[in-house]
Amino acid sequence: MPLSLHELIAQKAVAAGFSTAGIARVPDPGSPEDIRERESFTSWVEQGNAGEMEYLKRRNDAGDLVRSSLRAAAPWAKSVIVCAASYHSDQPLSIHTAPEGAGWIARYAWTARQSGEGQTIPSDYHNVLLKRLQKLDASLHEHLGPFESKCYVDTGPLVERVYARYAGIGWTGKNTCILNQKLGSWFFLGVILTSLEVPDHERASLAADRCGSCTRCIDACPTGALTGPHQMDASRCISYLTIEKRGPLPMDLREAIGRQIFGCDICQDVCPWNRKAPIAADPEMIPRPELVNPALGWLAELSQEDFGRLFFGSPVKRAKFEGLRRNIAIAMGNSGRKEFLPKLREWASESDAVLAESAEWAIRQIERS
Ligand code: B12
Ligand code: SF4
Ligand code: SF4
């Protein structure tokens with residue numbers, strides 16, 4: 001028996017290096033899904049939840065938000081192939097007890113691959129997944145003949161998690177992440193927009209919502225960014241604050257940031273579905289032990305050149321040298337450890353005004369504790 005479109009995609013996606021994959025139809029114009037896609041993203045942005053992430057606020061000539069409707073942004077696209085790649089690793093969680101004076105870099109940003117010479121080279125999921133999507137795309141073209149397609153990781157004109165749900169990859173957790181019954185939420189998403197029609201009998205069945213009465217993620221979020229089930233005010237999220245936000249961090253959220261210096265894993269670390277998530281053992285996304293519970297004192301001594309060397313090809317470079325040092329200063333202040341005072345005093349007289357002010361704040365925090 002020939003494989004169904006769904007089976008073919010899943011099989012080829014696994015061969016290309018993904019954990020799982022599915023295909024979703026772009027909703028018909030005026031359908032409840034189409035209206036919801038348009039309205040939920042637009043109201044989310046218009047309520048100020050996107051903070052300073054200007055790329056989410058881009059509008060087309062008609063004045064609509066580019067990411068609010070695939071139908072408007074890519075009218076040729078009839079379906080979206082959604083692929084998931086697990087990055088779970090056999091390493092501690094951010095909520096576990098950590099060595100004194102350690103910071104936290106989000107799990108997704110620890111990744112590396114081994115070069116032919118046995119060297120560890122930082123890897124970034126954007127590049128890793130994009131190459132796999134292109135491989136999958138080529139292999140589908142071999143099988144199915146010509147069709148239009150375009151691969152994206154993060155940068156496409158769509159909310160990937162919406163299509164992940166339609167493609168049956170998982171359900172939307174109360175922390176807004178897509179959860180898969182087997183993988184938990186430790187996976188990245190990548191998409192291929194295609195002109196392929198998905199016949200009715202090939203529509204993926206939606207994964208059941210398995211959050212039940214649990215609210216652990218909402219209860220654990222230190223900054224109140226999860227304002228309700230499936231509701232995120234990104235301008236309060238530590239991931240946004242430590243990666244995307246430039247300039248000084250908001251005063252009222254500094255203490256709640258704790259020891260996170262790049263991204264945040266708390267609402268996933270507490271999730272019961274992540275307890276049994278399998279270890280990915282992906283050769284292109286192996287953990288870098290030096291970035292797990294990294295010593296703040298070590299990172300604070302990095303020069304701009306060291307930062308470039310350590311994070312070239314890594315997602316961490318997005319925070320930039322200035323941003324990472326600002327985050328380290330805040331985490332040092334939150335540690336209450338006097339041993340950080342000399343470094344903070346040095347930073348307090350730096351010409352980088354944001355760093356200097358963050359260091360002054362941290363000094364006050366330590367002296368008060
Ligand atoms: C902007 C962005 C962020 C922002 C905003 C996060 C957010 N929740 O929106 C910040 C910087 C905070 C962030 C953080 C993180 N991110 Co991010 N991010 C993105 C990005 C680029 C766009 C997301 C977006 O448009 N958000 C806008 C809002 C409206 O979307 P939403 O919350 O998903 O809401 C949709 C659905 O939830 C649904 N919905 C809304 N209400 C309801 C109610 C019900 C009942 C249901 C069923 C559905 C539903 O409709 C909404 C669509 O309009 C995507 C990639 C992409 N292009 O999609 C990655 C992406 C979502 N991020 C990802 C990751 C890994 C992270 C972090 C884990 C990184 C980290 N460790 O620090 C955290 C997780 C924080 C969290 N709890 O979400 C992955 C998620 C993988 C997964 N398994 O879900 C993605 C898909 C990147 C990727 N290519 O893999 N991210
Ligand atoms: S990533 Fe951290 S700050 Fe953001 S919603 Fe989750 S727990 Fe809250
Ligand atoms: S912690 Fe609980 S409520 Fe939050 S995503 Fe996981 S199962 Fe759902």
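Student: In which sense do strand 4 and strand 13 pair, and over how many bridges?

Tutor: Strands of a sheet pair through backbone hydrogen bonds, either parallel or antiparallel. In this predicted model, strand 4 (residues 111-114) pairs with strand 13 in the antiparallel sense, over two bridges. Strands (E, at least two residues) and helices (H or I, at least four) are DSSP runs numbered from the N terminus, and two strands pair if DSSP finds at least two bridges between them. T111 stands opposite P287 in strand 13. Residues are numbered from 1 along each chain as its sequence is written, while chains are lettered from A and ligands numbered from 1 in the order in which they are written. Local features need pLDDT of at least 70, side-chain atom pairs count only at pLDDT 80 or more, and totals for chains, interfaces and linings use all residues.

Student: What is the order of the strands in this sheet?

Tutor: The order is 5-4-13, in an open sheet of three strands with antiparallel pairing. Strand 5 (120-122) and strand 13 (286-287) stand at the edges with a single partner strand each, so one side of each is left without a neighbour in the sheet.

Student: How is the chain divided into domains?

Tutor: Domain bounds come from an automatic or database domain assignment. Here the chain is divided into domain 1 (5-89 + 123-202) and domain 2 (216-368). Their centres, taken over C-alpha atoms, are separated by 28 Å. Domain 1 gives 26 residues to the contact and domain 2 gives 28 residues; two residues are in contact if their C-beta atoms, placed from the backbone, lie within 7 Å. On the side of domain 1 that touches domain 2, strand 2 (79-86) and helix 4 (125-144) are the elements that give two or more residues.

Student: Which residues surround ligand 2, and how do they divide by class?

Tutor: The residues around ligand 2 include N175, C221, C237, S239, C264 and C267. Helix 7 (238-244) and helix 9 (266-269) each supply at least two residues of this shell. By class, the shell has eight nonpolar, three polar and no charged residues. Ala, Val, Leu, Ile, Met, Phe, Trp, Tyr, Cys and Pro count as nonpolar, Asp, Glu, Lys and Arg as charged, and the others, Gly among them, as polar.

How values were computed
A residue is near a molecule or strand if its C-beta atom, placed from the backbone, lies within 6 Å of it.
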